[in-house]
Amino acid sequence: MDVVVGREREIQFLRRCVRSNYSPPVFVYGVPSTGKSMIVRKVIKESGSRYAFINCLEAYSPRVLFEQILNSLSGELPGPENLYGGYARCDTVAKFIKLLTQIFDKQDASKSSIFVVLDRCDRMRRLKQNVLSVFLRLRELTRRNIGVVMISTIVWHKFPSATGLPQPLTLHIPAYTKTETLAILQHQSPPGAPLAHFRQFVELLWGVFHGPCRDLSELRHLTCLLFDKYYAPVREGTISPKNTAALYKNIAPVLKSHLSNLYLRETSTSEWLQNDGKAAQQLDSSMHASKIELPYYAKVIVIAAFLASHNPQRSDYIIFSKQQRKRTKRRKGSLRPTKSSASLSSAPKPFSLSRLFAIFHSLLGEKVDMTAEMYSHVASLVSLRLLSQATSHENLDSAKFKCNISIEDAFYLGRTIEIDIAAYLHEVNG
């Protein structure tokens, strides 16, 4: 079950909004994995009102959005009984308002309100502008007590809105603090595991991963995945539960391998467990990297991102100077395969887009026009999770990124386009 920790003030605010018959739309925003959807669903369920919870990622057109809302509120979901037709075909705003009013009037007298919850509503900006205005004025257009709650990861002022539209009540959900994160993770203690030892493991996990990863979903996944590996020596009687140094030394190689492969899911959980946690380490790097079919410039951008993540910024001028580049060209063809198995002592660090493209141009050795195609390569690499966005800025120019590929994959990509990664790594040459 989802545990509500540190969200008492936000829940009270939502309860007041839900109980009010005249409340404007509510806009809930915050970074991912902060419990936004969970507390909204919890509060509306408590109220006993009928509601439709729609993920706007699936609503790629106004018609799909309208029909999903009507199907959810009416209970007539597409299926073989209705030939996958749903409640009704609805492709205009006027018809949506009419059908929504009919559904409201048919409901039980005990339920005096309906709520439409739009999760990931930032995707609605891709639809026609009047779609957003419809939900901002839904109570006015239907003349019924129909509330709207919008959930997003970006702030409201980034939404286009016409003059004269009602402004929603905004509720910011802050990121979890260390204390709150540990409290949530500690609720995932497996059956039979001593609570004190599980808390000890959770604090160790936070200490290792809190720098490169604050995503609660990923931390939960790591907790479930790694605790058995951590506690196995205690069950076998080879290490005392009080000997925390020995337990950390035993789990350190596994933690280090996951530190360089956050979010990537190179193997499934069942596969990882069947191979005693060694599946990720035993993957042949060439087999894994050969699956990455990328254009030439995209490969160079990935390598530039890898170097930006693992080199300190102060070393860029020395490493990527013209003399260093000439020295690298002389050594081309004699790449050092022994370095590809090297491990990096630090986790990937965030870098700006300007630094990424500066390294990109240095690796190419020639000036390339910064067209929209280059920025589209970055967006594609983020969607492929080869890069991850470390900030919540929507604008690419002001955002910071991290590289998620392992050193083995970086060396493999380097070999395919004849770039010696070792010549540019600060830990190798510093």
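User: At roughly what angle do the axes of helix α7 and helix α8 cross, and within what distance do they come?

Analyst: This is a predicted model, in which local features need pLDDT of at least 70, side-chain atom pairs count only at pLDDT 80 or more, and totals for chains, interfaces and linings use all residues. Residues are numbered from 1 along each chain as its sequence is written, and side-chain values use heavy atoms, with hydrogens and water left out. Helices (H or I, at least four residues) and strands (E, at least two) are DSSP runs numbered from the N terminus. Axes are lines fitted to C-alpha atoms, for helices over the stretch in contact, with angles from 0 to 180 degrees between N-to-C directions. Here α7 (residues 178–186) and α8 (residues 195–209) have axes that come within 10 Å and cross at roughly 135 degrees.

User: What word describes the orientation of α7 and α8, and which hand does their crossing have?

Analyst: Angles under 35 degrees count as roughly parallel, over 145 as roughly antiparallel, 65 to 115 as roughly perpendicular and the rest as oblique. α7 and α8 are therefore oblique to each other. A crossing is left-handed if the near helix is turned anticlockwise from the far one by less than a right angle, and right-handed if clockwise; α7 passes α8 in a right-handed crossing.

User: Which residues make the contact between α7 and α8?

Analyst: Contact means heavy atoms within 4.5 Å. From α7 come Lys178, Thr181, Leu182, Leu185 and Gln186, and from α8 Leu195, Phe198, Arg199, Val202, Glu203 and Trp206. For classes, Ala, Val, Leu, Ile, Met, Phe, Trp, Tyr, Cys and Pro count as nonpolar, Asp, Glu, Lys and Arg as charged, and the others, Gly among them, as polar. The contact of α7 with α8 then divides into six nonpolar, two polar and three charged residues.

User: How are α17 and α18 arranged?

Analyst: The axes of α17 (residues 353–364) and α18 (residues 372–383) come within 13 Å and cross at roughly 110 degrees, so the two helices are roughly perpendicular. The crossing of α17 past α18 is right-handed. Leu353, Leu356, Phe357 and Phe360 of α17 meet Met374, Tyr375 and Val378 of α18. These contact residues are seven nonpolar, no polar and no charged.

User: How many salt bridges are found in the whole structure?

Analyst: Side chains of opposite charge can pair when their charged atoms come close. A salt bridge is a side-chain nitrogen of Lys or Arg within 4 Å of a carboxyl oxygen of Asp or Glu. The search finds ten. One of them joins Asp228 to Arg235, with the closest N and O atoms 3.7 Å apart. Salt bridges that share partners also link Arg15, Lys42 and Glu46 into one network.

User: Are Asp228 and Arg235 buried or exposed?

Analyst: Buried means under 20% relative accessible area, exposed over 50%, and partly exposed in between (1.4 Å probe, protein chains only). Asp228 is partly exposed at 39%, while Arg235 is exposed at 52%. In another pair, Asp91 and Arg89 have their closest N and O atoms 3.6 Å apart; Asp91 is partly exposed at 40%, and Arg89 is partly exposed at 47%.

User: Where is Leu165, and what does Leu165 contact beyond its sequence neighbours?

Analyst: Leu165 lies in the loop between β4 (146–152) and β5 (169–172) and is buried, at 16% relative accessibility. Leaving aside neighbours within four places in sequence, Leu165 is in contact with Ser133, Leu136 and Arg137. Leu165 and Arg137 are 28 residues apart in sequence and 7.5 Å apart in space, C-alpha to C-alpha. Arg137 is partly exposed at 30% and forms a salt bridge with Glu140, the closest N and O atoms being 3.2 Å apart.
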